[in-house]
Amino acid sequence: MVEKKSLNFIEQIIEEDLANGLDPKNLRFRFPPEPNGYLHIGHAASICLNFGLGEKYNAPVNLRFDDTNPAKEEQEYVDAIKRDVQWLGFKWDKELYSSDYFQQLYDWTIDIIKAGNAYVDMQSSEEIAKQKGTPTESGVAGPYRNTPVEENLALFERMKNGEFNEGEAILRAKIDMQHNNMHMRDPIMYRVLKKHHHRTGNDWVIYPMYDWTHGESDYLESITHSLCTLEFKSHRDLYEWYLAQVADADKIQPKQREFARRNISYTVMSKRKLLQLVQEKLVSGWDDPRMPTISGLRRRGYTPNSIRKFSEIAGISKRDNVTDVALLEFCIKDELNKTAPRVMAVLDPIKLVIDNYPADKEEILIAENNPEDEAAGEREVPFSKELFIEREDFREQANKKFFRLKIGGEVRLKNAYIIKADSIEKDENGNITVIHCTADLDSRSGSGTEASKRRVKGTIHWVSSKHAVKAQVNLYDRLFKDEAPDSHKDIDFKQFINPNSLEVITALVEPSLLTSKPGDRFQFQRKGYFCADTDSTSKQLIFNRTVGLTDSWAKEEKKTATPANDASYDAIIALAGKYLKARSNEDRAELLTQIEPLANKVNKEVLATKLNDAIANKDVLAGLLTLKYIGVNSTDEKAFISKALGMKNGAIKLEAINITISDANLLSENKIALEAILADEKSPFIKEIIETALA
């Protein structure tokens with residue numbers, strides 16, 4: 001069964017237009033970046049939307065650079081934008097520039113002046129702003145508003161010829177100074193800018209404003225749907241007014257529609273602010289792996305597919321909102337878990353000596369590259385008497401819950417032997433320098449011996465001392481320590497920069513990584529996902545941490561802010577245990593009447609922790625019975641529902657199914673899982689519920 005996805009509101013608009021007679025052959029979209037900075041993850045939403053519509057409707061998509069401000073635009077940005085769009089996997093139909101239309105825009109402007117709908121104003125910007133009024137007060141006409149047409153033509157010609165300095169004269173559209181939309185109160189059409197343009201050089205000293213240029217460029221390119229972010233919604237009246245001055249009724253006229261921009265927690269999305277970070281050298285450049293730019297994410301190890309998946313899951317909205325950066329991190333972890341080779345790298349090494357292993361012996365062990373991908377194959381890993389392990393994987397003394405190496409305790413070395421720690425060496429300051437161990441030499445992984453099948457609770461990674469390769473590892477973290485760094489009116493957003501956003505260390509890695517190329521991605525076992533940096537070579541390996549295996553930020557927040565328990569939730573867990581043992585529907589119904597008021601009192605942060613830790617049947621059921629009454633909202637809660645659908649216990653499975661089918665979005669997201677349950681399910685009752693929901 002093919003999963004049908006619901007239409008977003010932009011697709012609904014297009015479908016309505018097609019139903020009302022728009023020929024699908026005339027559909028045409030565009031992605032219109034301004035080349036005044038590098039694209040960021042917010043722009044990726046617009047890229048995926050426009051090019052995704054092109055793919056869905058088999059319609060051409062133009063890449064058009066709105067290059068109307070040479071004071072801020074550079075060829076470097078043009079090249080970076082093209083590179084980013086291509087890297088994301090999209091192909092444009094035509095590469096175009098608003099500067100292609102400068103002459104046409106000028107010619108149309110002359111016609112608008114002749115029609116009495118534009119005039120040259122030589123007031124100061126302060127005077128003009130005062131005359132425009134406020135959203136609650138009408139504007140008033142300035143002294144140049146009724147200048148005769150011929151005089152306006154002459155003044156505009158002088159502007160074009162460079163006879164005015166910057167700021168001395170502007171051309172304004174003559175619309176309505178009393179209009180309730182401030183953008184309609186005689187907006188600027190042209191200003192003097194004596195700057196070199198990256199394409200037209202010094203041919204022009206007057207440049208059209210964005211609002212005047214944008215819609216007319218859409219019209220000239222026969223764009224059907226001009227999609228932009230919500231801040232341009234108030235510009236729509238002006239967009240349509242400008243089109244009315246020049247458009248031929250027989251030709252396609254573009255329709256502007258707006259969607260919410262993509263905002264992400266723990267970062268900023270303003271190109272102006274990102275430029276500040278670059279110019280003030282608070283980051284190494286636009287492609288610094290801590291930056292939310294597409295080039296920064298690429299260098300950090302994100303993939304095109306993960307960014308496209310993120311855009312798909314986050315969706316297109318009509319209202320501004322903030323998407324948790326954890327969703328972006330989930331998308332890359334989910335992909336790399338399936339595709340990234342597992343390798344061993346020790347980030348904080350301490351020496352380990354296997355005393356009963358021959359000093360002159362070396363072995364080549366076979367390691368699986370990725371258990372999630374059989375086609376990934378295997379690799380050879382050298383082993384010897386002296387190894388390095390992670391310092392945190394050993395404790396001289398530890399309690400029963402510490403399942404790594406401790407004196408008298410056993411662990412398995414990944415792909416190798418079971419070892420037991422016997423003694424340690426320390427330096428004059430009391431720091432451990434060497435761990436002495438004994439290996440069970442019959443326990444080598446994969447050897448088929450009885451000892452090799454013996455189970456111990458801990459497995460740790462390692463590298464051979466003789467064969468270890470030094471590598472620079474950049475431990476990148478979130479650039480800002482505040483969830484919304486630019487939301488504080490009286491505090492500069494730069495005050496929230498995370499001082500620990502980059503830690504550079506020297507690690508020891510297995511020799512297979514000597515063949516890695518820039519951009520190659522790996523899972524450093526038990527440590528996280530890493531990417532070979534653009535500057536990495538076989539002589540100097542450099543790896544950037546893409547993301548950890550777990551969300552360290554969430555853990556830290558739980559330590560400092562989340563209470564460990566909640567009386568209401570503890571009561572639900574106890575009732576869930578009774579629910580599992582209940583013999584009748586009446587008993588279960590009675591328990592639910594007790595659970596409902598408790599669910600509405602549960603601390604949401606405690607719930608998040610409990611859902612994450614839930615393994616036992618009663619704990620999982622408690623989570624489900626709580627969500628049954630408060631709803632499923634967060635990404636973690638949705639993931640919990642997906643996990644519950646895969647459990648064997650009938651009561652848990654049924655509760656998860658009922659919650660899923662009661663929510664259209666959950667039903668859509670878990671349709672494949674429900675179909676899988678249906679294929680194997682033996683209970684006629686559960687099968688009937690699923691079949692009815694999927695029908």
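## Exercises on a predicted model

Helix 15 passes helix 17 in a right-handed crossing (handedness is right if the near helix is turned clockwise from the far one by less than a right angle, left if anticlockwise). Helices (H or I, at least four residues) and strands (E, at least two) are DSSP runs, numbered from the N terminus.

This is a predicted model, where local features need pLDDT of at least 70, side-chain atom pairs count only at pLDDT 80 or more, and totals for chains, interfaces and linings use all residues. Residues are numbered from 1 along each chain as its sequence is written, and side-chain values use heavy atoms, without hydrogens or water.

### Exercise 1: a helix pair

Describe how helix 15 and helix 17 pack, by angle and axis distance.

Solution. 
- Step 1. Two packed helices are described by the angle between their axes and the distance between the axes.
- Step 2. Locate the pair: helix 15 covers residues 585–599 and helix 17 covers residues 617–630.
- Step 3. Their axes are 9 Å apart, at an angle of about 70°. Axes are lines fitted to C-alpha atoms, for helices over the stretch in contact, and angles run from 0 to 180 degrees between N-to-C directions.
- Step 4. Helix 15 is therefore roughly perpendicular to helix 17 (65 to 115 degrees; under 35 is roughly parallel, over 145 roughly antiparallel, the rest oblique).
- Step 5. List the contacts (heavy atoms within 4.5 Å). Helix 15 brings Leu 592, Ile 595, Glu 596 and Ala 599. Helix 17 brings Leu 625, Thr 626, Lys 628, Tyr 629 and Ile 630.
- Step 6. Sort by class: the contact has 6 nonpolar, 1 polar and 2 charged residues. Ala, Val, Leu, Ile, Met, Phe, Trp, Tyr, Cys and Pro count as nonpolar, Asp, Glu, Lys and Arg as charged, and the others, Gly among them, as polar.

### Exercise 2: salt bridges

Find which parts of the chain are tied together by Asp 93 and Arg 28.

Solution. 
- Step 1. The whole structure holds 40 salt bridges (a side-chain nitrogen of Lys or Arg within 4 Å of a carboxyl oxygen of Asp or Glu).
- Step 2. In the bridge of Asp 93 with Arg 28, the closest N and O atoms are 3.1 Å apart.
- Step 3. Asp 93 lies in the loop between helix 3 (75–87) and strand 3 (95–97), and Arg 28 in the loop between helix 1 (9–19) and strand 1 (29–31), so the pair ties together parts 65 residues apart in sequence.
- Step 4. Buried means under 20% relative accessible area, exposed over 50%, partly exposed in between (1.4 Å probe, protein chains only).

Name the salt-bridge partners of Arg 454 described here.

Solution. 
- Step 1. Glu 410 pairs with Arg 454, closest N and O atoms 2.9 Å apart.
- Step 2. Glu 410 sits in strand 20 (residues 410–413), 44 residues from Arg 454.
- Step 3. Asp 440 also meets Arg 454, at 3.1 Å, N to O. Asp 440 is in strand 22, 14 residues away.
- Step 4. Partly exposed are Arg 454 at 32%, Glu 410 at 33% and Asp 440 at 24%.

### Exercise 3: two serines

Decide for Ser 295 and for Ser 512: buried or partly exposed?

Solution. 
- Step 1. Ser 295, in helix 10 (residues 294–300), is buried at 6%.
- Step 2. Beyond its neighbours within four places in sequence, Ser 295 contacts Tyr 38, Asp 84, Trp 286 and Asp 287.
- Step 3. Ser 512 lies in the loop between strand 26 (502–509) and strand 27 (521–524) and is partly exposed at 27%.
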